[in-house]
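Reader: Could you walk me through this model? I would like to go from single residues to the packing inside.

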Amino acid sequence: MGSGGQDAQGSERGREYDTVSGTYAEWVEHEVLPLVQQHAGVALTHDPDGRATMGISSSGGAAFGMAWFHPELYHRVLAYSPTLTNQQWPHADAMPGGAWQYHSPWAGNPTATGSQPGAALIPNAPRKPIRFWFEAGDRDLFYPAPAMPDGMHDWVLASENMARVLSAKGYDYQFVLSRNAGHVDGPTIEQTLPEALLWLWQNYTPQGN
């Protein structure tokens with residue numbers, strides 16, 4: 001799907017893929033998947049353990065958000081270089097740090113915890129039934145641009161922080177930091193995707209629905 005071009009603050013991509021809410025999952029569930037079933041002649045399971053989301057970069061962040069905000073729909077997520085940084089647009093008072101707040105407090109209130117404004121989501125919420133495989137390259141993106149000196153635009157640090165909080169909460173996850181790899185690195189995907197899919201679907205038994 002086209003995202004209107006450009007990136008980050010002020011962009012359509014920032015609205016469609018980087019907004020931290022359940023809106024994207026709801027659009028897929030109510031508008032996209034019914035058309036898929038209708039035109040492809042398939043029946044999709046309603047078992048959340050039998051449904052996965054996958055994405056790269058901003059769509060990787062969106063894929064995680066689909067499971068986070070709607071775990072009744074999705075339990076499994078796979079992402080390469082997921083945008084777990086502050087690319088959200090427009091600004092939202094409830095989530096000023098965008099996807100950075102999945103794992104870390106908003107830079108404007110770095111000591112926020114619990115229900116305080118700007119607190120990180122995962123450390124302050126009950127564990128959800130999400131199984132997450134994700135990868136970042138050690139040469140992934142970092143935006144030191146003067147227009148974005150917010151401390152929330154380092155893709156490697158964001159993924160490392162995500163792994164740390166997932167571990168602390170006891171999530172089923174696997175994080176791969178690829179050596180000498182950049183953003184959404186093609187050779188890395190070729191080498192890791194088969195094993196990533198095997199790990200993602202480990203222990204799944206179809207329920208017949």
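Reader: Is N203 buried or exposed?

Author: Happy to start there, with a word on the ground rules: residues are numbered from 1 along each chain as its sequence is written, and side-chain values use heavy atoms, with hydrogens and water left out. This is a predicted model, where local features need pLDDT of at least 70 and side-chain atom pairs count only at pLDDT 80 or more, while totals for chains, interfaces and linings use all residues. Buried means under 20% relative accessible area, exposed over 50% and partly exposed in between, with a 1.4 Å probe and protein chains only. N203 has 68% relative accessibility, so it counts as exposed.

Reader: What is the phi of N203?

Author: N203 is found in the segment after α5; helices (H or I, at least four residues) and strands (E, at least two) are DSSP runs, numbered from the N terminus. Although N203 is not a glycine, its phi is positive, at about 70°.

Reader: Where does α5 kink?

Author: Helix α5 covers residues 186-200 and reaches 20 Å from its first C-alpha to its last, close to the 21 Å expected. That expected span is 1.5 Å times one less than the number of residues. The bend at a residue is the angle between axes fitted to the seven residues ending there and the seven starting there. A kink of about 45° lies shortly before the proline P194, at T192.

Reader: Which strands do the buried residues of α5 pack against?

Author: The buried residues in question are T188, T192, A196, W199 and L200. Contact means heavy atoms within 4.5 Å. The packing partners are β1 (52-56), β2 (76-80), β3 (131-137) and β4 (172-178).

Reader: Which residue lies over the face of W199?

Author: A charge sits over a ring if NZ of Lys or CZ of Arg is within 6 Å of the ring centre and within 35 degrees of the ring normal. At 3.8 Å from the ring centre of W199, the residue over its face is R131.

Reader: How many aromatic pairs does the structure hold, and what is the angle between the planes of F64 and F132?

Author: Rings of Phe, Tyr and Trp (its six-membered ring) pair if their centres lie within 6.5 Å; planes under 30 degrees apart count as stacked, over 60 as edge-to-face and the rest as tilted. The structure holds 10 such pairs. F64 and F132 form a tilted one, 5.0 Å centre to centre, with the planes at 40°.

Reader: Where in the chain are F64 and F132?

Author: At 1% relative accessibility, F64 counts as buried, and F132 is buried too, with a relative accessible area of 1%. The pair links distant parts of the chain, 68 residues apart: F64 is in helix α3 (residues 58-69) and F132 in strand β3.

Reader: Which residues touch the most other members of the largest nonpolar core?

Author: A nonpolar core is a set of buried Ala, Val, Leu, Ile, Met, Phe, Trp, Tyr and Cys residues joined through side-chain atoms within 4.5 Å. Of the 31 residues in the largest one, those touching the most other members are F64, W68, Y102, I122, I130, F132 and M162.

Reader: Which residues does M162 touch?

Author: M162 is among the buried residues of α4, a helix of 15 residues. Not counting residues up to four places away in sequence, M162 touches F64, L84, Y102, H103, I122, F132 and F134.
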